[in-house]
Amino acid sequence: MLLAFSSRAAAAEPEAPPDAAARAAVAPVEPFIDGQTILVARLDTAAVDLGAVENWMKQAAQPPGPGAGRFLEGLHDGIGRLTTAQADFKKAGGRLLYVVVSFGDTPGGMAFVVAPIENGADAKAIEKVLSSWSSDPAVHAATISKAVVLPFGDALARLEHFTSAPRPELAKAFAEAGDAPLSAAIIPSEQVRRVVEAMTPKLPKDVGGGPITVLTRGMMTGSVAVRLPPQPSVRVVIHSQDADAANAFAGLVRLVLLAGRDQLPQEIANLLAALVRPPSPRVDGDRVIFTVDEKPLLSLVRQFPGGPRRGALAAYRVKSASNLRQLILACLIYANDHKNEFPDSLEEALKGVDLPRDVMTNPSDPARKPGYVYVKPPSLKDLTHAERRVVAYEAFDKWDGGINVGFADGHAEFIADQAVFVKLLNDAGAKLDRK
């Protein structure tokens with residue numbers, strides 16, 4: 001049975017109605033929104049003080065620990081590149097950036113960046129700036145209507161036949177987020193919720209196995225407000241169908257963290273657990289509210305072994321695990337389309353699916369091409385113990401605390417013990433390939 005927790009609700013905070021500022025905030029992106037849109041993020045680049053971000057991160061690195069010098073050098077270099085990108089975008093006349101994510105019938109759905117062309121901005125110059133941000137030289141930004149769009153995958157081709165649809169909840173979410181420089185609206189439509197409920201009626205067994213409605217009715221809409229240094233804070237408000245759904249959703253969040261703590265790098269598991277430590281989240285009527293201010297954020301960063309540099313590596317591990325899951329999904333799709341036979345290479349599997357072009361790049365070692373080693377499984381009909389059958393893993397020269405490994409059932413996990421990894425490879429009939 002799904003574990004839910006309740007908390008004594010404080011005085012109810014009124015839901016913010018969409019004011020003129022909120023309506024103005026969503027107007028530039030509304031032509032790119034429809035019933036499948038599930039998330040819209042907005043960044044006001046003019047409100048970002050990158051110098052303050054660097055100073056705050058330097059403070060977070062105190063007292064200096066192992067690798068602090070390399071971290072600070074990397075931080076300064078990264079802030080320098082961001083400052084240049086920010087200046088180039090401003091020079092071209094850009095100010096706002098939106099990221100739109102849609103639910104779709106292809107792996108990963110659809111996602112793209114939108115930069116509105118406002119106040120005489122130079123569209124061609126903005127196209128050039130956004131194109132330079134892509135890690136794939138084949139991807140280019142293009143002007144659509146009154147905005148410049150940078151696509152992920154084939155989003156541009158799909159937008160050519162796009163028909164927008166009114167989503168009044170978008171303005172409400174941005175009104176709730178207020179004037180935060182980075183904000184987001186979580187807006188899965190009723191249609192999207194019903195599709196999810198039909199496709200996956202039950203939650204995974206390790207989080208209770210209850211009805212998926214705990215998620216789909218627990219997270220009807222939501223808002224995210226992120227304030228950046230010098231006084232960083234995060235506030236997430238999730239609107240549920242009713243008070244019972246809010247309590248069940250809060251309980252689900254806790255169960256997901258408990259179930260995933262052994263699958264996530266320890267640093268990330270500790271961070272997520274701290275973010276849901278009382279008094280956050282707080283259940284207030286039909287809302288679940290997560291809040292983190294500067295002091296806990298500073299403390300959390302310092303909890304990472306080795307300081308923020310180690311925290312960045314942990315974040316790379318999470319992204320790399322996601323890459324592996326997507327690569328294995330592509331292999332499974334290929335096998336389903338080719339009489340249960342897996343592809344001869346990951347590159348072959350990628351030809352038939354729409355995935356981000358950087359999915360073959362390990363973010364913790366971006367110079368290595370490819371970033372992953374493939375171990376071709378037997379035919380699907382002959383495959384046994386798929387949950388422990390290695391399909392792909394992070395390429396490496398020297399074992400450094402562990403690697404992410406992807407398995408034939410579609411999951412990925414971090415393996416810290418090299419002996420365990422070597423045994424898994426031996427069981428798959430493969431030898432270690434350091435590439």
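Modeller: Welcome! A salt bridge here is a side-chain nitrogen of Lys or Arg within 4 Å of a carboxyl oxygen of Asp or Glu. Keep in mind that this is a predicted model.

Biologist: Thanks! How many salt bridges does the structure hold?

Modeller: Side chains of opposite charge can pair when their charged atoms come close. Counted by that cut-off of 4 Å, the structure's salt bridges number 18.

Biologist: Which residue in the loop between α8 and β7 does E190 pair with?

Modeller: E190 lies in helix α7, where R194 is four residues away, about one helical turn, and these two form a salt bridge of 3.1 Å, N to O. E190 also has a salt-bridge partner at 3.0 Å, N to O. That partner lies in the loop between α8 and β7, so the pair ties together parts that are 27 residues apart in sequence. The loop residue is R217.

Biologist: Which strands stand at the edges of the open sheet of four strands?

Modeller: The sheet has the order β11-β12-β13-β14, with antiparallel pairing. An edge strand has a single partner, so one side of it is left without a neighbour in the sheet. That applies to β11 and β14.

Note on methods
Residues are numbered from 1 along each chain as its sequence is written. This is a predicted model: local features need pLDDT of at least 70, side-chain atom pairs count only at pLDDT 80 or more; totals for chains, interfaces and linings use all residues. Side-chain values use heavy atoms; hydrogens and water are left out. Two strands pair if DSSP finds at least two bridges between them. Helices (H or I, at least four residues) and strands (E, at least two) are DSSP runs, numbered from the N terminus.
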